[in-house]
Amino acid sequence: MAEMLTWRITARTSAVAPADWRERLVAHLGQRPRRLGLFTELALYGALETMAEAGEKVLPEDTLVRVCSLRGAVSAIIQVLEQARSELPMPFSFLQSQPSQTLAALSSALKWQGDGSYVLSRDPLALVTLAARQAGQRGLLLGWVEEEAPARSQWLRLIPDTAPNKPFVPAQHFAQMSDPQTTWLQLHGDGIAIA
Amino acid sequence: MTPLYLHGRSLISALGADLQQAVTALAAGGVTPQRIQLPGGTEWPFFSIAYPETQWRVRAEALLRSAIAQAGVAERCELPLFIASSSLQIGATETEEQAPAGDYYNFAEEVAAWLGWHGPVYLISTACTSAMHALLAAAAHIRSGAADEAVVLGVELSNRYTLAGFAAMQLLSPTSPRPLGTTRDGLVLGEAVAALHLSRHPSRWCLRGGSNLLDGSDPTGASPATVSRLCHQALQNSGLAMSDIDLIKAQAAGSPVNDLNEIRGLTALFGTLPPLTTLKAAIGHTLGASGAAEIALLLECLEKGVWPRSTYPLDPEAGTVLTSKMPTKARHILAIILGFGGGYSAVALEDCNG
């Protein structure tokens, strides 16, 4: 029987971004970000914070990056909608409203060129499962980002590993991923199991 | 890698209400884009679907229901559905007075309600590469054993938001799309709804594999080196060699720089290129739907023996590879979509009758 695909959670950020997340982002980047919108800055903060916690400076190229956001870059979208009522929008406003630009910024900041996507489901656990199915034996960097208060940039870094000798239980809800007690993730036929 | 197969497919585009109309229109020389005026007085060509309903949501529902029915999956609502779109429901939102309420996923839920869909629904939005990402996600879903079949639905419908944004970025041609042409001067956007039914069960067209790459070094441009790397990975993941490829469906949207960079990247990898085609002069750049839309149209063209023709002078460096006749052999096809935001996607298809 083939061994179950198993990942170790090597780093995670908490769901709600801390009040000083902008300062932390500047510290990670070594400079103030330029021409990125709020949503992208928040995504970068969480991804870089997670990488730092995992002790990684560069993301391996075979890692899958998945970003999920239900509201996306809503402040930039509202700005572009307003601008577009009377004239052409400002180019940077339009760029900042596009999820693909967040992915591009992540690619640059993580010094990584790989499979990155913006995927949505109402059930965050379904996205973890889909990403795991796509990853196969590769690693994952998964983020849930919402810019509206309370700003959220919750990320998980998962590295493929050999299954530990401990029992796995089916994951019931996404909050279990935030629990520091959850350190392993396994892909089963019917979903994700954790240990 | 487990082979997967494309069964039903559909396309509603400026070329017509179904694939039969599309190839008939192509055989007759294609269609001319309409012109849309934006606030501020600028006017741009746009490949619109000829469906007169003015209420965005009513129109969207009718078009999506038709695309799903044409792909033969209207009664398969239990299957996983992968919706691919760049602009989602912004066409409806922009007509409303108040700020956007709800969230992006409301669009997926709205689509599921229109279609009576009760299988799992995923929404993928990676700009122009959305449908390619959706296709490869659906393939991974099936290969993992989670399902035997899945449906990819590319949706890109009329909205001024995207048109104005691309106009502001100076990415649009003011006249017509001329992919790989000497006088190419930008993209022309278009509408499309396209569905692909992917299955483990054998049929004529096999999805061998593919690859997605994100390169943030130039968020609005294509890098030749990344194009080479993308295609190399896609072929490797598909178990194919460069010499196996009989036809390339390029991105080639009409961009002065990116068209050339794409050809340079392909040439660097392949050396001598196999016959190459582009469909964006026929239906425009349909952004998030383009992967599904162009695969559906290309396969229909190959089955029906109809081939898109360019009617403008071709770039001496980039355009000479564009084939004006259907290739005599097209067993293995590499389909490429490059996207806004540094997205690169390619899939390899095989004609099992070839």
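## Conventions

Contact here means heavy atoms within 4.5 Å. The model is predicted, so local features need pLDDT of at least 70 and side-chain atom pairs count only at pLDDT 80 or more, while totals for chains, interfaces and linings use all residues. Residues are numbered from 1 along each chain as its sequence is written, chains are lettered from A and ligands numbered from 1 in the order in which they are written, and side-chain values use heavy atoms, with hydrogens and water left out.

Helices (H or I, at least four residues) and strands (E, at least two) are DSSP runs, numbered from the N terminus. A:Gln154 belongs to strand S5 of chain A, residues 152-160. With a relative accessible area of 4%, A:Gln154 is buried; the term means under 20%, whereas exposed means over 50% and partly exposed lies in between (1.4 Å probe, protein chains only).

Leaving aside residues up to four places away in sequence, A:Gln154 touches A:Thr13, A:Ser14, A:Ala15, A:Leu142, A:Gly143, A:Trp144, A:Phe174 and A:Ser178. With A:Ser178 there is also a side-chain to side-chain polar contact of 2.6 Å. The side chain of A:Arg152 provides another polar contact to the side chain of A:Gln154, at 2.9 Å. A polar contact is a pair of N or O atoms within 3.5 Å; within protein, one must be able to donate a hydrogen and the other to accept it, and residues adjacent in sequence count only if both atoms are side-chain atoms.

## The loop residue B:Thr175

In chain B, B:Thr175 lies in the loop between helix H6 (160-168) and strand S7 (189-190). Its relative accessibility is 44%, so B:Thr175 counts as partly exposed. The side chains of B:Thr175 and B:Arg178 are joined by a polar contact of 2.7 Å.

Not counting residues up to four places away in sequence, B:Thr175 touches B:Pro33, B:Arg35, B:Pro45 and B:Asp185. The C-alpha atoms of B:Thr175 and B:Glu43 are 9.6 Å apart, although 132 residues separate them along the chain.

## Aromatic pairs

Rings of Phe, Tyr and Trp (its six-membered ring) pair if their centres lie within 6.5 Å; planes under 30 degrees apart count as stacked, over 60 as edge-to-face and the rest as tilted. Over all chains, the count by this rule is 8 aromatic pairs. A:Phe94 and B:Phe166 form an edge-to-face pair, 5.9 Å centre to centre with 70 degrees between the planes. This pair joins two chains, because A:Phe94 lies in helix H4 (residues 91-96) of chain A and B:Phe166 in helix H6 of chain B. A:Phe94 is buried at 0% relative accessibility, and B:Phe166 is buried at 4%.

B:Phe82 and B:Tyr122 form a stacked pair, with 4.9 Å centre to centre and 20 degrees between the planes. The pair links distant parts of the chain, 40 residues apart: B:Phe82 in strand S4 (residues 81-84) and B:Tyr122 in strand S5 (residues 121-124), both of chain B. B:Phe82 is buried at 0% relative accessible area, as is B:Tyr122 at 6%. Ring pairs also link A:Phe94, B:Tyr161, B:Phe166 and B:Phe340 into a cluster.

The axes of helix H6 (residues 124-135) of chain A and helix H5 (residues 130-143) of chain B come within 8 Å and cross at roughly 85 degrees. Axes are lines fitted to C-alpha atoms, for helices over the stretch in contact, and angles run from 0 to 180 degrees between N-to-C directions. H6(A) is therefore roughly perpendicular to H5(B), a term for angles of 65 to 115 degrees.

At this packing, A:Leu130, A:Arg133 and A:Gln134 in H6(A) meet B:Leu136, B:Ala137, B:Ala140 and B:His141 in H5(B).

Terms used
Parallel < 35°, antiparallel > 145°, perpendicular 65-115°, else oblique.
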